[in-house]
Amino acid sequence: MLVIFATSVLFGATLQAGFSWYNAYGSIGTAAVIGLPIFSFELFYVTSPLGAAFRRWPFARFIAVRLAVWCAWIFIATQLSRHWFWSTGGKVLADADFWWIALFSFAVGFTVVSCLTLNRLIGPGVFRNFLLGRYHTPREEERALLFLDLVGSTAIAERIGATRFLELVNRFVYDVGAALEGSGGTIYQYVGDEAIVTWRLDKTRDLSDAVEVVFRLRARIAARGDEYRSRFGVMPAFRAALHAGPVVAGEIGDSKLEIVLLGDTVNTTARIEQSCRDFDRDFLASAEALSLASLPAGTRSEAMPAVALKGKSQQVELYAITRTCTNG
């Protein structure tokens, strides 16, 4: 959203640079009439729960309709602005100038829609990090990792077939994204039927939201239980593992470029998720992660026997996180 808002400001600044000695009032007014409704369209529809079905459209149709909305409004708004702002003080916008502004607006709209869509494809913030070269040289960061893994996926896939199972995983991932809204976490990677979520600890030192995401996801799946059962014959269950610590983040690849997270923290989180089976628990957190979280109301932790995870020389303290009551 900041990108869209910044584009509105840039649009006005560019127009004013070109026409400031001609009509600064018209430049700023045109930018506002174009930018604010587009900002509202993106904020209150495209990226909101109301636009969930729209975001699931095939990629080509999604970007074409999104761009069409932008361009249609840019044309209408420029026409309106021509009469509202450019005929004051005896200064009337010439046809040539009008079409220059319209074409410039279309170009900006196409560029921004393309960037926003690319950002959605590769993950929030990833495109910006590539442009800024943040991870061109590997760097160490403190991160929290949350692994979310479907339970019984092999048996489900055998029963409903690979095609419908992929659809099930896709719907599960959509629910993960919805549960993440407002938590500050971002989906780092999909590994088969597992979603890996991360929080940068330089931006937050409180992992309460990370804990809450797990229970929010369970509640969302339960609320959609009838839909899952009617379509797939099963309501998906998942295991969750939360851990925090240092990772090394950096770009990798040539023809296919990615930003990857490596290190003991990533490996340990995977081992914690595997320990859910051993302890017959569906949500385990490490002591390191729990020390950064104030457990949400109605949630409690239970210490598990210390275990030596595979590949770890020292035992790891784990806690089972359960919800004793529902909120609201």
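**Figure 1. Glu 273 sits in helix 10.** Helices here are DSSP runs of H or I with at least four residues, strands are DSSP runs of E with at least two, and both are numbered from the N terminus. This is a predicted model, in which local features need pLDDT of at least 70, side-chain atom pairs count only at pLDDT 80 or more, and totals for chains, interfaces and linings use all residues. Residues are numbered from 1 along each chain as its sequence is written, and side-chain values use heavy atoms, with hydrogens and water left out. Is Glu 273 buried or exposed? Glu 273 is buried, because its relative accessible area is 5% (buried means under 20%, exposed over 50% and partly exposed in between, with a 1.4 Å probe and protein chains only). Leaving out residues up to four places away in sequence, look for Phe 147, Asp 149, Glu 194, Arg 239 and Ala 241 in touch with Glu 273 (contact means heavy atoms within 4.5 Å).

Figure 2. Asp 280 counts as exposed because its relative accessible area is 70%. Take a look at the backbone here too: although Asp 280 is not a glycine, it has a positive phi of about 55°. For comparison, most residues other than glycine have a negative phi.

**Figure 3. Leu 150 belongs to strand 1, which covers residues 139-150.** Like to know what surrounds this side chain? With a relative accessible area of 5%, Leu 150 is buried. Setting aside neighbours within four places in sequence, Leu 150 is in contact with Val 169, Phe 172, Asp 193, Pro 236, Ala 237 and Phe 238.

**Figure 4. Strand 4 pairs with strand 1, with strand 6 and with strand 5.** Two strands pair if DSSP finds at least two bridges between them. Strand 4 spans residues 238-252 and is mostly covered, with 11 of its 15 residues buried. How many bridges join strand 1 to strand 4? There are 12, and these two strands run antiparallel; to find your place, Glu 141 stands opposite Val 247 of strand 4. With strand 6, strand 4 pairs in the parallel sense over three bridges, and Leu 242 has Ala 285 of strand 6 as its bridge partner.

**Figure 5. Strand 4 and strand 5 form a hairpin.** Strand 5 is made up of residues 258-262, and its pairing with strand 4 is antiparallel over five bridges. Ile 252 has Glu 258 of strand 5 as its bridge partner, while Val 248 stands opposite Leu 262 of strand 5. Five residues lie between the two strands, and Gly 253 in the turn has a positive phi of about 105°.

**Figure 6. Helix 7 packs against helix 9 through contacting side chains of both helices.** Two packed helices are described by the angle between their axes and the distance between the axes. For helix 7 (residues 162-180) and helix 9 (residues 225-232), the axes come within 11 Å and cross at roughly 165°. The axes are lines fitted to C-alpha atoms, for helices over the stretch in contact, with angles from 0 to 180 degrees between N-to-C directions. Helix 7 and helix 9 are therefore roughly antiparallel (angles under 35 degrees count as roughly parallel, over 145 as roughly antiparallel, 65 to 115 as roughly perpendicular and the rest as oblique). The contact residues of helix 7 are Arg 164, Glu 167, Leu 168, Arg 171, Phe 172 and Asp 175; those of helix 9 are Glu 227, Tyr 228, Arg 231 and Phe 232.

**Figure 7. Helix 7 also meets helix 8, which covers residues 208-223.** Their axes come within 9 Å and cross at roughly 130°, so helix 7 and helix 8 are oblique to each other. From helix 7, Phe 172, Asp 175, Val 176, Ala 178, Ala 179 and Leu 180 meet Val 213, Arg 216, Leu 217, Arg 220 and Ile 221 in helix 8. Zooming back out, the protein has 11 helices and eight strands, and 42% of its 328 residues are buried.
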